[in-house]
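Please take a moment with the sequence and the model, and I shall then go through the structure part by part.

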Amino acid sequence: MEKIKTFTLPKLPYEYDALVPYISEEQLKLHHVKHHQTYVNGANTAFEKIDKARQDNVDIDAKALLKDLSFNIGGHLLHSIFWENMAPPNKGGGGDPSGSIADVLNKEFGSYDRFKKEFTAAAKTVEGSGWAVLAMHPCIGRPLIMQIEKHNVNVYPTFNILMVLDVWEHAYYVDHKNDRPKFIDAFWNVLNWDRVNKNLDLVK
Ligand code: MN
């Protein structure tokens with residue numbers, strides 16, 4: 001059997017200064033190379049512990065280790081989606097949605113403004129560290145806003161993620177200190193609707 005891959009930090013699809021003035025170079029770089037890397041390392045370490053325990057045929061601390069694995073894989077996957085669902089403002093970031101996602105949002109929320117208001121409220125009120133997520137499930141056929149606490153709490157099973165917004169304080173402390181709403185306002189200017197449409201295509 002092929003050796004199981006280890007997780008690696010994905011490259012950003014733009015330069016660290018590409019989202020200025022909405023996200024500063026220092027903030028984006030720290031977020032990517034320090035914070036995201038921590039979850040990559042954490043997921044690899046958790047798997048190493050599991051593999052070692054199986055090799056040595058000893059018990060694993062199931063409760064602690066599986067929680068740790070879920071947290072770190074969740075962190076890695078959500079960040080990977082987050083980088084991709086942003087784009088520089090002069091290269092497709094921001095503006096109003098178009099294509100299929102515009103239709104889906106209008107049908108569900110009545111208007112883009114109403115969606116934006118609900119998603120913003122979700123992002124503002126995530127308790128502690130976490131994410132605001134727009135998700136869809138083919139069996140339900142309507143989009144849902146999720147509040148994911150940490151990286152793995154309150155997740156709907158098997159939902160496809162269309163877009164995410166990281167509202168951990170580490171996502172904005174350099175730029176806005178603890179002012180989460182300011183960061184949420186800035187985010188809409190770098191949201192990559194093309195990518196959200198591509199994610200939506202995968203649901204059908
Ligand atoms: Mn983050």
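I begin with a definition: two strands count as paired if DSSP finds at least two bridges between them. Strands (E, at least two residues) and helices (H or I, at least four) are DSSP runs, numbered from the N terminus. What you see is a predicted model, in which local features need pLDDT of at least 70 and side-chain atom pairs count only at pLDDT 80 or more, while totals for chains, interfaces and linings use all residues. Residues are numbered from 1 along each chain as its sequence is written, and side-chain values use heavy atoms, with hydrogens and water left out.

Let us start with the sheet. Strands β1 and β2 pair in the antiparallel sense, over 7 bridges, and β1 also pairs with β3 in the antiparallel sense, over 6 bridges.

M136 is bridged to P143 in β2. The hairpin of β1 and β2 has 6 residues between the strands, and G141 in the turn has a positive phi of about 70 degrees.

How many residues of β1 are buried? The count is 7 of its 7 residues, where buried means under 20% relative accessible area, exposed over 50%, and partly exposed in between (1.4 Å probe, protein chains only). In a regular strand, side chains alternate between the two faces of the sheet. In β1, G130, A132, L134 and M136 point one way, and W131, V133 and A135 the other.

I turn to the interior. A nonpolar core is a set of buried Ala, Val, Leu, Ile, Met, Phe, Trp, Tyr and Cys residues joined through side-chain atoms within 4.5 Å. The largest one has 47 residues, of which F115, M163 and L165 touch the most other members. Its largest share, 6 residues, comes from strand β1 (residues 130-136). This core draws at least three residues from each of domain 1 (25-87) and domain 2 (90-201), the bounds coming from an automatic or database domain assignment. The C-alpha centres of the two domains lie 22 Å apart, and their contact, meaning heavy atoms within 4.5 Å, takes 19 residues from domain 1 and 26 residues from domain 2.

Finally, the metal site. The manganese ion is coordinated by H31 (NE2), H79 (NE2), D166 (OD) and H170 (NE2), at 1.9 to 2.1 Å. Donors are N, O and S atoms within 2.8 Å of the metal (3.2 Å for Na, K and Ca), and as water is not among the atoms, sites may look incomplete. H79 lies in helix α2 (residues 62-84) and D166 in strand β3, so this pair ties together parts that are 87 residues apart in sequence. Both H79 and D166 are buried. By contrast, R54 is exposed, with a relative accessible area of 62%; R54 belongs to helix α1 (residues 25-55).
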